[in-house]
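User: I've got a model open and would like to talk through a few of its contacts. Can we go step by step?

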Amino acid sequence: MKNMNILIASVGGQGGLTLSRVIALAAVGDGKSVRTGETLGMAQRFGSVVSYVRVGDEIHSPVFDPGDADVILGLELIEVSRNVHYLRRGGKIYTADEVKPPISSSLGIAENPKKSDLISRVSSKVKEIGGELYVIPAREIAVKAGNYRAMNMVLLGAFNASYSLLTDESVRKAIYQLLPGRKGDISVNAYMQGKSLNLKDYRKK
Amino acid sequence: MNPLKAPPGTKIALMGNEAIARGAIEAGTYVMTGYPGTPSSEVLMTVHEFGKGLDIYAEWAANERVAFEIALGAAIGGARALVTMKAPGANVAADPILSAAYSGVDGGLVILIADDPGPITTQTEQDSRWFAELSKLPMITPSNPQEAKDFVVIAHELSEAVNLPVILRTTTRVNHTVGPVETGEIKPPKKYVKFVRNPPRFVRAGMVWNRERHAWLLQQLGKVEDFLSKYGLNMVEGSGSKCVVTEGVGYEYVMEALSKLGLKEGVKVVKLGLLYPFPKRFMSEVLRGCDEVLVVEELDPYIEFKVKELAYELKLDVKVAGKAEKLLPEVGELTPSTVLKAMKGFLHLDVHESEGVERLEAPPRPPPLCPSCPHRNSYIGLIFGILKAGFRREEVPIFGDIGCYALSVNPPINAIWTEHSMGASIGMAMGLKLSGFKGPVVATIGDSTLFHAGLPALAEAIHKKVDMLVLILDNEVVAMTGHQSTLTWGKTELGRETKPLSIEEVVKGMGADTVVVVDPYDIDRMISTVKELIRKPGVNVIIARAPCALHAARLYGVQKRYTVIPERCKECMACIKITGCPALYIGEDHKVHILVEDCLGCGLCAKYCPFDAIVEVSKG
């Protein structure tokens with residue numbers, strides 16, 4: 001297979017690291033090569049966090065450059081807009097319909113962008129390079145699955161429905177390895193819900 | 001799957017630091033210690049999470065030098081030991097490390113020093129490869145998680161073969177990278193064997209002995225390259241007279257670039273796993289086959305200097321390029337594209353580069369103090385106390401230290417004036433005062449940082465009768481690096497009972513003029529205590545004690561939360577302007593909202609709302 005580069009854009013504490021770890025564990029479970037590059041440490045809480053995930057037959061670098069992401073998985077729209085330049089020509093973005101304004105916005109030091117503006121800005125950039133943008137009500141779906149924290153798994157489901165990068169069995173095992181018990185049940189549920197979405201309904205043109 | 005107990009031959013996805021922990025277990029390491037510091041902390045944390053029931057000692061120490069001395073004490077008795085630290089920690093441990101090179105060890109002693117090119121979370125872009133030159137200790141470096149694990153085992157073998165501590169040098173992109181790792185055999189932990197009195201070896205008070213040991217050290221170093229040759233740490237791939245010499249994660253970027261360039265032949269890639277002593281025999285042979293060399297390495301031109309020196313010694317007509325020739329930057333971490341660009345220039349190739357879109361502007365989101373963080377209350381209390389005492393903010397320097405509380409530098413709190421190195425707040429405040437500064441000075445320091453390096457400075461300030469206010473921010477945990485234990489805990493992570501130290505008893509024992517313990521959530525008392533003590537002569541200490549809110553929420557759940565009644569919010573933003581709490585935000589209706597899931601219920605915003613718009617909501 002061709003190497004796949006996935007960028008996960010999130011706010012520290014939203015579950016971006018768990019998502020990258022689930023993909024890595026599942027990919028190794030499926031016998032693929034994988035590398036991730038993370039920003040770790042408690043001090044990243046509520047800060048911008050980016051994880052790089054690379055899956056393929058032979059992977060060397062843990063990170064990649066702007067213009068090289070096949071897919072961006074976004075847990076928050078400001079963070080997606082901050083990282084949209086990572087998307088390659090024809091790449092796809094799956095993002096939660098979520099805005100968490102940073103303190104700089106609330107203090108009036110920086111702009112406090114509206115959700116609709118964020119979506120249209122990202123959408124116009126994606127259009128420039130012939131990509132696709134899916135804005136998914138991940139919170140709503142995660143809450144139905146049992147907990148808003150499972151938003152990350154909803155996005156994984158939506159992404160994997162299109163790309164079939166990972167087998168469901170490996171994803172399930174990876175989830176339970178990281179999140180045993182009820183948290184795992186909820187996450188698997190959220191993943192399956194994300195997978196069964198009719199993605200056409202969420203495509204922004 | 002438990003990464004420490006998985007049987008040999010298991011293939012699992014491990015983070016570099018988890019792989020190092022596994023390597024330590026495979027090597028039969030009995031004593032593991034260190035001081036938390038990104039990107040090194042997860043090695044011991046992995047042992048704490050997965051090592052229950054294993055017969056090993058794995059505990060944090062007060063600072064890196066104490067940790068190293070513990071590891072050294074174990075290794076001179078024949079046990080295998082590992083000590084972990086981030087790059088600045090190596091500076092703290094430098095004194096005993098340099099002496100240890102003269103005494104040597106009997107059991108394997110591996111020193112993990114984790115550098116942080118970028119820097120991503122560190123005060124400097126220190127290149128600790130020079131530390132090997134300085135200490136004359138062997139240094140090896142892995143490129144990925146698999147090697148990170150394997151190299152710990154090799155480092156132990158080397159350490160026992162040449163009787164020297166061995167430095168395992170890593171960088172963030174190895175420590176914090178997840179990749180596939182195949183596990184190896186696990187050896188039983190190697191504990192104390194014997195320790196015999198031998199003053200020439202272990203006493204550094206004899207200068208003749210020291211000269212003898214120095215000569216011994218050089219002789220031992222001469223055995224390293226030979227011993228390691230069977231492990232294949234240095235490798236050559238490909239062929240040709242154009243050579244790329246690299247190490248660490250740089251190697252992975254080089255391989256990535258070759259695959260992007262579609263090159264399988266015509267370039268020789270030389271990967272060095274042994275950094276010190278420089279593998280001269282191996283490199284001499286390699287260099288003789290090269291017309292041109294590109295050195296790909298992060299930070300300083302370390303290998304570049306070595307290669308240039310060797311080419312000069314061998315009188316070879318070979319062009320060596322790297323940092324000095326500006327092909328690669330000395331500042332910041334390398335990326336696949338900076339390496340690709342350098343390789344293209346070196347190989348005179350043209351390749352289509354990835355094209356994306358222009359960057360979109362987005363509001364900055366530096367990490368703030370967490371919701372309900374007790375440090376927020378401490379600093380707001382400190383600033384209001386300073387104002388209430390009749391000073392302007394710019395009249396009272398607030399010296400900061402290393403820990404989460406350094407995030408108070410950002411708006412809206414804008415508290416600390418300095419953040420320098422572990423424990424520096426007190427000494428620097430003292431120096432300013434002694435130099436003739438007339439106003440009050442404040443040193444703010446965390447609980448773990450106080451024990452790490454703050455105590456000698458505090459003793460100095462008390463002894464020298466320097467007037468200052470010391471605010472000890474005691475959140476009862478090493479928070480910033482992921483909630484590790486401190487010396488005030490009654491139990492280690494693996495459950496061994498310990499004697500909890502009392503900060504107030506320690507500080508009183510030193511002779512501080514005033515010692516007051518305040519709950520920072522009682523902000524009025526914080527303010528009045530600061531107001532009272534800021535003008536008082538002597539060293540006056542406030543211990544602001546409340547557990548890290550995130551840690552407490554994780555352990556005990558969230559007791560209450562707050563919400564905003566929109567009709568009452570007059571959009572004055574007092575709550576946000578005072579607290580800067582990330583659970584607060586301004587919605588599209590211009591009113592303040594609380595992200596209920598992020599609120600941990602301290603109620604500080606409610607206290608400062610002039611319109612009572614913020615109210616408590618019951619649990620659930």
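User: At roughly what angle do the axes of helix α13 and helix α14 of chain B cross?

Analyst: Keep in mind that this is a predicted model. Helix α13(B) covers residues 280-288 and helix α14(B) covers residues 302-313. Their axes come within 10 Å of each other, and the crossing angle is roughly 70°.

User: What does that make α13(B) relative to α14(B)?

Analyst: Angles of 65 to 115 degrees count as roughly perpendicular. The two axes cross at roughly 70°, so α13(B) is, relative to α14(B), roughly perpendicular.

User: How many nonpolar residues does the contact of α13(B) with α14(B) have?

Analyst: From α13(B) come Lys280(B), Met283(B), Ser284(B) and Leu287(B), while α14(B) brings Val307(B), Leu310(B), Ala311(B) and Glu313(B). Sorted by class, one residue is polar, two are charged, and the nonpolar ones number five.

User: On to the two chains: how many salt bridges are there between chain A and chain B?

Analyst: Each chain puts 66 residues into the contact, and the area buried between them is about 5500 Å², with 59% of that from carbon and sulfur atoms. One salt bridge pairs Asp598(B) with Lys100(A), at 2.7 Å from N to O. For chain A with chain B, the salt bridge count is eight.

User: Which element gives the most to the side of chain A that touches chain B?

Analyst: Several elements supply at least two residues each, among them α1 (16-29), β3 (48-56) and α4 (115-128) of chain A. By class, that side has 28 nonpolar, 18 polar and 20 charged residues. With five residues, the top contributor is α4(A).

Key: Residues numbered from 1 in each chain as written. Chains lettered and ligands numbered in written order. Predicted model: local features only at pLDDT ≥ 70, side-chain atom pairs only at ≥ 80, totals over all residues. Heavy atoms only, no water. Axes fitted to C-alpha atoms, helices over the stretch in contact; angles between N-to-C directions. Helix = DSSP H or I, 4+ residues; strand = E, 2+ residues; numbered from the N terminus. Parallel < 35°, antiparallel > 145°, perpendicular 65-115°, else oblique. Contact = heavy atoms within 4.5 Å. Nonpolar A, V, L, I, M, F, W, Y, C, P; charged D, E, K, R; others polar. Buried area = accessible area lost by both parts, 1.4 Å probe. Salt bridge = Lys/Arg side-chain N within 4 Å of Asp/Glu carboxyl O.
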